[in-house]
Amino acid sequence: MDGYLIVATRNGVVTLERRGNDFRDFAGALLDHRFTSAASDGENILAGTADGIYHSADLGRTWHAASEGLTERYVRWLAFHPDDRRLALAGTEPANIFRSEDGGHSWYERPEVARMRDEHGWDLPYSPAAGCIRGFALQGDRAYAAAEQGGFLRSDSRGAVWYLPQGSNGSHYSSERGRHQVHPDVHSVLVHPSSSDQVYAATGGGLFYSTDGGSYWDWLYRCYCRAVWVDPARPAHIILGPADGVDRGGRIEESIDGGHNWTVVMNGLEGPWANHMVERFHQIGNELFAVLSNGRLIAASLDTLHWQPVLPAVENVTAVAWLPE
């Protein structure tokens, strides 16, 4: 698939032109910035940093600050609505959600998120900040957000208003989680295209699955995980990046029966990895890209799941986004 791969790193953002299986440098910028996230709507690119958001409308050749209204500057994740290019969401540390209705040029705080954060005392074990929002999933009017050490948030108004559904009580203590509630350390969320109620959460306690938009959860896999991919055509086919703990014993596993049974799929890789794990999955065409927590990028065809390094000269990768040609 031809197009442009946007690669966010801890020391700048890079655009690479892809032709077949070949990548070539196209643009690079902001080398003195630590990037955390990237998103595209097919034309525009947003890139988040530890100190605000940048926007590009020319495939990353030039970038402009786009942080108007962003009262929390440390951006952890960005997402465009798949059906509305003007609508974007930003998740921050401390945990807060900002919404844009002009393609990411200006932002508006959703104050109920900060109120939930403060009421429940969300926190992070590695930071003095009060939790963070590190993942979004959007479909139709529904939006979901992953609150690390806070739980699972839902919106029925495209991110205009957020609340805790029944399956997430807002407590950051896993011991206070009910039997069919999600683990509070939520790292990423995924909604299946077949239904906005069908949602997955990769958490510090494992992979969770809900068929009712987050009110009732099934615990599919007990592990530590940050990344999950589910086949858009066949939801029983799941690929997960589990680990034995934080960046310990990381690997890639596959289930073809909805999470009941799992098989390690590390073809082309040596693993499990002692000191890193999968941070994010990103599907591009028939390939699955995986950002690893050591800053490396790998990819595999979904037909073979044979993994190979991508862009070995690019280090400290934190996120990728894709602009098809």
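How many nonpolar, polar and charged residues are in the lining of the second largest pocket? The lining has 10 nonpolar, five polar and 11 charged residues. The legends below refer to a predicted model.

**View 1. The second largest pocket and its lining.** The volume of this pocket is about 610 Å³. Its lining comprises 26 residues. Arg-10, Arg-76, Tyr-126, Arg-134 and Glu-279 lie nearest the centre. Two or more lining residues come from each of S4, S8, S19, S23, S24 and S27.

View 2. Glu-279 is found in strand S23, which spans residues 278–284. Is Glu-279 buried or exposed? Its relative accessibility is 17%, under the 20% cut-off, so Glu-279 counts as buried. With neighbours within four places in sequence left aside, the contacts of Glu-279 are Arg-134, Arg-226, Ala-227, Val-291, Leu-292 and Ser-293. Both Glu-279 and Arg-134 are among the residues nearest the centre of the second largest pocket.

**View 3. The largest pocket.** This pocket holds about 1300 Å³ of space. Its lining counts 40 residues. Nearest the centre lie Phe-80, Phe-136, Phe-281, His-282 and Gln-283. By class, the lining has 27 nonpolar, nine polar and four charged residues. Which strands each supply at least two residues of this lining? They are S4, S8 (75–81), S12 (132–139), S15 (186–191), S19 (224–230), S23, S24 (287–292) and S27 (317–324).

**View 4. The open sheet S4-S5-S6-S7.** Four strands form this open sheet, in the order given, and the pairing is antiparallel. Where are its edges? Strand S4 (35–40) and strand S7 (64–65) are the edge strands, and each pairs on one side only. S4 pairs with strand S5 (residues 45–49) over five bridges, in the antiparallel sense. Phe-35 stands opposite Thr-49 in S5. S4 also supplies at least two residues to the lining of the largest pocket.

**View 5. The cavity.** A search of the whole structure for cavities of 30 Å³ or more finds one. About 50 Å³ of space lies in the largest cavity. How many residues line the largest cavity? The lining has 13 residues, and Asn-169, Ser-171, Arg-177, Val-182 and Pro-184 lie nearest the centre. By class, three are nonpolar, eight polar and two charged.

Technical notes. Residues are numbered from 1 along each chain as its sequence is written. This is a predicted model: local features need pLDDT of at least 70, side-chain atom pairs count only at pLDDT 80 or more; totals for chains, interfaces and linings use all residues. Side-chain values use heavy atoms; hydrogens and water are left out. On a 1 Å grid over the protein atoms alone, a cavity is a set of points where a 1.4 Å probe fits but cannot get out, and a pocket is an open set with protein on both sides within 12 Å along at least five of seven lines; lining residues have an atom within 4 Å of a point. Grid points are joined across faces, edges and corners, and a volume is the space filled by probe spheres set on the points. Ala, Val, Leu, Ile, Met, Phe, Trp, Tyr, Cys and Pro count as nonpolar, Asp, Glu, Lys and Arg as charged, and the others, Gly among them, as polar. Two strands pair if DSSP finds at least two bridges between them. Buried means under 20% relative accessible area, exposed over 50%, partly exposed in between (1.4 Å probe, protein chains only). Contact means heavy atoms within 4.5 Å.
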